[in-house]
Amino acid sequence: MDLLFTEVVTSSLKAAIELAASRRHTEVSQLHLLSILLSDPKEYFSTFASSLQLDPLLLLKETELLLGQLPTYVGVAEQPLLGQSFQQLLKTAEQYAKELHDSHIASDHLFLAFWKLEQAPFVGW
C-alpha cells in the first residue's frame, strides 16, 4: 500500500500503534484507531457521530470494552503487528478516497470505511 494521509489521520495512526503497544496487544486493530479517533469530543469522528444521532461516548465505551478483550503479550512485549482488520479498514478508506478523487485519506474516508465494514462497535447502529 502506498497511501497518503492527512496530518490528522497520520497522527491518529501513530497514536493507535502506540495505544496497542502500551496495552501490550499483539496486533493493532481497527479498534485502536477508533478509540483514538473518538477520544477527542471536538474532532471529526465525535462531532459527525453526534450529527448522525450516535452517541460518541457510548461508541468509545464499547470500543474500550472490546479493546480489553484483545490478546496481549505475556512476558516481554514485542511491537504489535498491523492486524488484518486494521489493514482492511485502510484499504476500504483508500477506495473511498479514490472514488471521491481525493489525494489523501482523511477522517471522513475512515468513518465511511468503519461504517461499511460493519464491525464492532458499529454493528447494529
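Beyond its neighbours within four places in sequence, Glu27 is in contact with Ala20, His32, Pro80, Leu81, Gly83 and Gln84, where contact means heavy atoms within 4.5 Å. The model is a predicted one, in which local features need pLDDT of at least 70 and side-chain atom pairs count only at pLDDT 80 or more, while totals for chains, interfaces and linings use all residues. Residues are numbered from 1 along each chain as its sequence is written, and side-chain values use heavy atoms, with hydrogens and water left out.

Glu27 lies in strand β1, residues 27–28. Helices (H or I, at least four residues) and strands (E, at least two) are DSSP runs, numbered from the N terminus. Glu27 counts as partly exposed because its relative accessibility is 40%; buried means under 20% relative accessible area, exposed over 50%, and partly exposed in between (1.4 Å probe, protein chains only). The C-alpha atoms of Glu27 and Tyr73 are 9.7 Å apart in space, although the two residues are 46 apart in sequence.

Helix α2 (residues 30–38) packs with helix α4 (residues 56–67) at an angle of about 150 degrees, and their axes are 9 Å apart. Axes are lines fitted to C-alpha atoms, for helices over the stretch in contact, and angles run from 0 to 180 degrees between N-to-C directions. Leu31, His32, Leu34, Ser35 and Leu38 of α2 meet Pro56, Leu59, Leu60, Thr63, Glu64, Leu66 and Leu67 of α4.

In helix α3 (residues 44–51), the buried residues are Phe45, Ser46 and Ala49. These residues are on the same side of α3 because they cover an arc of only 95 degrees around the axis, the arc being that of the directions from the helix axis to the C-beta atoms. Their cover includes α2, α4 and α6 (107–117). Gln53, which follows α3, has a positive phi, near 70 degrees.

The largest nonpolar core has 26 residues, of which Leu33, Phe45, Leu110, Phe114 and Phe122 touch the most other members. A nonpolar core is a set of buried Ala, Val, Leu, Ile, Met, Phe, Trp, Tyr and Cys residues joined through side-chain atoms within 4.5 Å. Two or more residues of this core come from each of α1 (7–22), α2, α3, α4, α5 (84–99) and α6. Helix α5 gives the most, with five residues. Leaving out residues up to four places away in sequence, Phe122 touches Leu34, Leu54, Leu59, Phe111, Phe114 and Trp115.
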